[in-house]
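Here are some notes for a first look. Please keep the model open while reading.

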Amino acid sequence: MTISGSNDRLAWQREGLPFNAFGAFLRRRFGGRVQRVSIDAGFTCPNVDGAVARGGCNFCDNRSFSPSRRVRLKRVSEQLENGIESVRRRYKTVSGFLAYFQPATNTYAPVDQLEEVYRLALRQHPDIVGLAIGTRPDCVPDCVLELAEQLAREHYVSLEFGMQTMHQPGLDWMNRAHTHDHLVNAIDRARSRGFECCVHIILGIPGETHEMMMQTATEVARLGFDAIKLHNLYAVQGTSMGDEVAGGKIKMMEQDTYVNTVVDFLELIPPTTVVERISGDAPPKYLIAPQWCLKKSVLKQQIEEEFQRRNSYQGKHYVAPQTDPNDRPRPTDNTPQSIRDQIDVRGRLPVLKIESAH
Ligand code: SF4
C-alpha cells in the first residue's frame, strides 16, 4: 500500500492496514485486546412506545421492548459479570471491556437514571474501561450530551448514532421516524465534547443507488464523525422487513456488490475516522437473508483484498469539507418535545427496573 503525499502517516497507515480498524485502535489506546460486553438495561424506544411513532424500524425485532420485559431483566451488574466471564473463556488475553448498551434506545430515560445505570456499569468491574451507548439522533437532548461529556472526563465513552442513510425515502422505508436534520443537529451539538461520536450506516437499502450511498459517505465525512459502523442490510425473523424478504418483495445486495460498495464508501471517509464494523449479521437461527453476511472473516478478507487490488486505502478519495467540522456552529437542540419530556426531567420515573446503586 502506498499513500502518496503523506509525510505524517497515521498509526494504522504505518502498520500497513487498509483502513483504521477498531481492534487495532483499541489495542493502541488501551495496550491490549478490548472487547465489548452487551447489556440490555431495559430501555424502550420512542419509535415503539408512541413518543414519535409506533411499530419501530422495519429491521428491528422490537417485540420485546415492553414493560413486562423489564421485570424479567437480569440486573445490569449480573449481565456484565456473565458477559465478562464468557469473553474471558473465549479469549485468553483480554485487557479490558467496554460496557455496550446495545438493544433499544439507550439514552431514553430520565437523565438521573441514565447517570445511575452508566455509573453502575463503570463501577462494576476494574477491567471495564468505558461505555458504548447506542441511540437515535432525535434522542440526545443537551442534558444527555452534558452527562456523556462528564463521564468522558474519566472514561472512554462512545455515543453511537443510528443515521443509516441521509436520504429521506430510505429513512421512511425503514420507518425510522426521524429526519436527517435530527442527525445533523445531534452531531453538531455532540462533537468535540470529549466523547467519541460513532455513526451507524446501512448499505443496500431498497431504492438507493450506488450514487446515493456515496452521497451518504460524503455526508458522514462532512459531518466529522469520530467513528463509523457499516452494516449490510439484513433481515431477521419477527420483523416487517423479514416478512417482505421472505415473501420475495425485497432483493438483498449481492456479496460482491457489498464488498465493492464498502471499499468505495471507505475511500471517501477521512483517514482519522475509526472503522468499528464493516458488516452486520444476526444469529443464524433468526437470520433470513443474506446468508453471506454470516461469514464475517471471509467478508473482511475480501474487503482487504479489494483495497489491495485497487492499491487503495481509507480516505483515498476523501475531500475535506469547506467548513472544518470543528468550526461548525453548535445549533439549538431540536429534540422533539415528546422525547425531551421523558429525559430532561429530574427524579426517578418507573422507566427502568435496574438494581439501585444505593
Ligand atoms: S430506533 Fe433503534 S431501538 Fe428503536 S425501533 Fe429503531 S432500531 Fe429498534
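This is a predicted model: local features need pLDDT of at least 70, side-chain atom pairs count only at pLDDT 80 or more; totals for chains, interfaces and linings use all residues.

How do the residues of the shell around the ligand divide into nonpolar, polar and charged?

1. The shell divides into 5 nonpolar, 5 polar and 1 charged. Ala, Val, Leu, Ile, Met, Phe, Trp, Tyr, Cys and Pro count as nonpolar, Asp, Glu, Lys and Arg as charged, and the others, Gly among them, as polar. The residues around the ligand include Cys45, Cys57, Cys60, Asn62 and Arg136.

2. Residues are numbered from 1 along each chain as its sequence is written.

3. Helices H5 (residues 111-123) and H6 (residues 142-152) have axes that come within 10 Å and cross at roughly 25°. That makes H5 roughly parallel to H6 (angles under 35 degrees count as such). Val111, Leu114, Glu115 and Tyr118 of H5 make the contact with Cys143, Val144, Leu147 and Leu151 of H6. Contact requires C-beta atoms, placed from the backbone, within 7 Å. By class, this contact has 7 nonpolar, no polar and 1 charged residues.

4. Gln102 sits in the loop between strand E2 (96-101) and H5. Gln102 is partly exposed, because 17 other C-beta atoms lie within 10 Å (buried takes 20 or more, exposed 12 or fewer, and partly exposed is in between). Leaving aside neighbours within four places in sequence, Gln102 is in contact with Ser38, Ile39 and Gly134.

Note on methods: Axes are lines fitted to C-alpha atoms, for helices over the stretch in contact, and angles run from 0 to 180 degrees between N-to-C directions. Helices (H or I, at least four residues) and strands (E, at least two) are DSSP runs, numbered from the N terminus. Angles under 35 degrees count as roughly parallel, over 145 as roughly antiparallel, 65 to 115 as roughly perpendicular and the rest as oblique. Two residues are in contact if their C-beta atoms, placed from the backbone, lie within 7 Å. A residue is near a molecule or strand if its C-beta atom, placed from the backbone, lies within 6 Å of it.
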